[in-house]
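Open the model in your viewer and follow the stops below in order.

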Amino acid sequence: MNKRASEPALRIGVLHGPNLNRLGEREPELYGRASLPEIDLMVSEAAADLGADTLSFQSNREGELVDWIQGTTSSVDGWVVNAGAYTHTSVALRDALTGSGLPFVEIHLTNVHAREPFRRRSLLADVAIGVISGFGSSSYLLGLHALVEHLRPSR
Ligand code: DQA
């Protein structure tokens, strides 16, 4: 429920890249035990408390993520993006996000700077409003809060 009923609800697109559909089963020691539906529910409940609605999408395919961004741009105010491995490789995803003209926060469950060197490179970070990395599923919540604050600065 929107607890800030006097203001129009913000709409946040939540994007999950490849392999994140297997959260909870995939290397749980690294990525945690929460499943993707559990994370989506947690994010949508937190968003409701902030007066925001979420639209969420996961795909293992780069083109589907690009299509979703293009098709959803007119319905949202900004993005929370965990692009998974595409963070480190995808010019197409970067172009789709910048092409949307909407602000986004790049997030990661793990601390990508404490892992293999190739994960330190992001093709999204310099066009994001910020990056949150290393806080498990809380990274999504921190990203959501940061984006909402950016879109609707508290006085
Ligand atoms: C990830 C980090 C990426 O390097 C990796 O490819 C993922 C998940 C994270 O949330 O920690 O799939 O984005």
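**Stop one: the ligand**

Select the ligand, which sits in the largest pocket. Here a pocket is an open set of points on a 1 Å grid over the protein atoms alone, where a 1.4 Å probe fits, with protein on both sides within 12 Å along at least five of seven lines; sitting in it requires more than half of the molecule's atoms to lie within 2 Å of its grid points. The model is predicted: local features need pLDDT of at least 70, side-chain atom pairs count only at pLDDT 80 or more, and totals for chains, interfaces and linings use all residues. Residues are numbered from 1 along each chain as its sequence is written, and side-chain values use heavy atoms, without hydrogens and water.

A side-chain N or O atom of Arg26 is 3.1 Å from a ligand oxygen, and for the side chain of Asn82 the distance is 2.8 Å. Leu109 uses a backbone N or O atom, 2.8 Å from a ligand oxygen. The protein covers 98% of the 320 Å² of accessible area that the ligand has on its own (Shrake-Rupley, 1.4 Å probe).

**Stop two: the sheet**

Select the five strands (DSSP E runs of at least two residues), which form an open, parallel sheet in the order S2-S1-S3-S4-S5. Pairing takes at least two DSSP bridges. Finish on Val14, whose bridge partner in S3 is Val80.

Definitions and conventions
Helix = DSSP H or I, 4+ residues; strand = E, 2+ residues; numbered from the N terminus. Polar contact = N/O pair within 3.5 Å; in protein donor to acceptor, adjacent residues only side chain to side chain. 1 Å grid on protein atoms, 1.4 Å probe; cavity = no way out; pocket = protein on both sides within 12 Å on 5 of 7 lines; lining within 4 Å.
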